[in-house]
Amino acid sequence: MDELKLKKMANEIRKGIIEAVHSAKAGHPGGSLSATELFTYMYFEEMDIDPENPKKADRDRFVLSKGHTAPGLYSTLANRGYFPVKDLLSLRHTGSYLQGHPDMKHIPGVDMSSGSLGQGISAAVGMALSAKMDGEGYRVYTLLGDGEIQEGQVWEAAMFAGHRKLDNLVVIVDNNGLQIDGKIEDICSPYPIDAKFAAFNFHVINVSDGNDFKQLAAAFEEAKKTKGQPSAIIMKTVKGKGISYMENNAGWHEKAPNDMEYAIAMEELEKAGETLCQM
Amino acid sequence: MSDVKKIATRESYGNALVKLGKKYKNLVVLDADLAGATKTGTFLKEFPDRHIDCGIAECNMMGIAAGLAATGKVPFASTFAMFASGRAYEQVRNSIGYPHLNVKIGATHAGISVGEDGATHQCNEDLALMRVIPGIAVLNPADDIEAQAAVEAAYLHDGPVYLRFGRLAVPVINDNPGYKFEIGKGIVLKEGTDVTIIATGLCVWESLKAAELLERDGVCARVVNIHTIKPLDEELVIESARKTGKVVTVEEHSVLGGLGSAVAEVLSEKAPVPMLRIGIQDVFGESGPAAELIKKYGLDSDSIYSKIKNLCKGEK
């Protein structure tokens, strides 16, 4: 998929996020929007997957360790054809299969249930280890929040992945700089993130703009060429990216837009879509 | 009875894994720096490529096990009961239980019979913690024969299983050709009419001895071995209550939340009878030789005998 198509798709995925969270009257738009380009790149460019056959044994795997950004993952999976886009409106509704956090038992395309922070990365490490044990060629990707890496389990998993030289594993950190209570460096700073992963024997790739497809493409190419150690892609992003009033605002970590805010957000995304169509 | 063969169920765990490892290629074993103590060292020797030492990081080990299970392996994640059910509780719940992944948790060094290490390592709460997670089978074998059978049954069972093993060598009681292990099916070891002793783990042996002592006093006790705490054999529990009119549970675990609670839950709703729960009485353990602690905390045959005799007093 060329860059313009990826941008258009990201815009559609953003619409799905806003519609889902608005319909749910709850959820996490901020971190879903900061990682939208990442989700798009994963499912429309990077991974070897088949929406017709979501459990294909040799598929690449994606574990959303920062599981609260399920709206971003769900909107991506729906737009990729794993389930109908209209189902996004049932997010968090009683009886819906679209649970507040990823549920591998019921949602096509979800490779691991997650949501309790720090746990997804361990499962991803287990999957990568499994591929190595079996001599399988599939790759495993896991997305973590920059607040999430305050969890100790993340570093248990990182130590193991580095020790085992799991070069089929890519850990991505969405460094949007904000967590629920405020700026990550004010709450309990995880910086320097890159030096930490390097110290755990990862090949570290810094991405100065994780909302830029060119930079993402270069980073994932570099990760693919990296042998003998796992890769960590630390990408700077903008929380709430694409919706003017949500950008860089911790208040939109977990909050649904009201009807007026919803209308503004959708109008902004419509305009962004029109601009992309004129390119 | 003194010349009876003794073996710790953790040994049985290690031995069973080696046997099963030969038969089932997707069986893998995980440890958290305790392979020598959990007795999985034998598996490591036999199948070094299928043994994964995660280092001292039990939470990560449970997550890795989940990832291995999600890609078709059958992992046995091994560590002490304290860390498997305690430290890694939430990983077991959310990364294994909630997605119902095919992970087997081999929890050794359960209960007060850990002995000298003391309270920090004596997990008397694991059955309670594991039992409340939906969809997880909880097994607590009584001896070597049962432990080995439980490991194979766990492998063949589709879904998460918690297996509880002990450090202390315990007598082999199920060495008979008719022995059959089935998850969720209790075993009547001795028939009786006056009271039913429902026991689990190493308390089964102590309960059988207590029943012999009671027999001398004219109290005829039925002895039931419940190796599966969940799903509980409700039918057998109810039948026993109706048949003998009194039920005593015996477990090397807190009287809160374990076998005693599980049996009380069933009987209070479906067949209320007088009950006595023998176990650790909501206290922490302490350091000491296992046999002395078992006696001190009232889990030996003499203590069980006296408590049941008291319960049955005045009726004979």
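Two strands pair if DSSP finds at least two bridges between them, and helices (H or I, at least four residues) and strands (E, at least two) are DSSP runs numbered from the N terminus. This is a predicted model, in which local features need pLDDT of at least 70, side-chain atom pairs count only at pLDDT 80 or more, and totals for chains, interfaces and linings use all residues. Residues are numbered from 1 along each chain as its sequence is written, chains are lettered from A and ligands numbered from 1 in the order in which they are written, and side-chain values use heavy atoms, leaving out hydrogens and water.

In chain B, 7 strands form an open sheet with mixed pairing, in the order S3-S2-S4-S5-S7-S6-S12. Its edge strands, S3 (51-53) and S12 (228-230) of chain B, each pair on one side only. Strands S6 (residues 137-139) and S7 (residues 161-164) of chain B run parallel and are joined by 3 bridges; Ala137(B) stands opposite Val161(B) in S7(B).

## The five-stranded sheet

An open sheet of 5 strands, also with mixed pairing, has the order S9-S11-S10-S13-S14 in chain B. Here the edge strands are S9 (187-190) and S14 (275-280) of chain B, each of which pairs on one side only.

The parallel strands S10 (residues 195-199) and S11 (residues 221-225) of chain B are joined by 5 bridges. Within this pair, Ala199(B) has Asn225(B) in S11(B) as its bridge partner.

## The nonpolar core

A nonpolar core is a set of buried Ala, Val, Leu, Ile, Met, Phe, Trp, Tyr and Cys residues joined through side-chain atoms within 4.5 Å; buried means under 20% relative accessible area, exposed over 50%, and partly exposed in between (1.4 Å probe, protein chains only). The largest core has 134 residues, of which Tyr43(A), Phe62(A), Ile172(A), Phe197(A) and Phe220(A) touch the most other members. Helix H1 (residues 3-24) of chain A gives the most to this core, with 9 residues.

Contact means heavy atoms within 4.5 Å. Leaving aside its neighbours within four places in sequence, Phe220(A) is in contact with residues including Leu38(A), Tyr41(A), Met42(A) and Ile233(A).

## Where the chains meet

In all, 27 residues of chain B are in contact with 25 residues of chain A. The two chains, B and A, bury about 1,900 Å² between them, 58% of it on carbon and sulfur atoms; buried area is the accessible area (1.4 Å probe) that two parts lose on being put together, summed over both. Asn60(B), Thr71(B) and Tyr98(B) supply 26% of the area that chain B buries against chain A, more than any other three residues.
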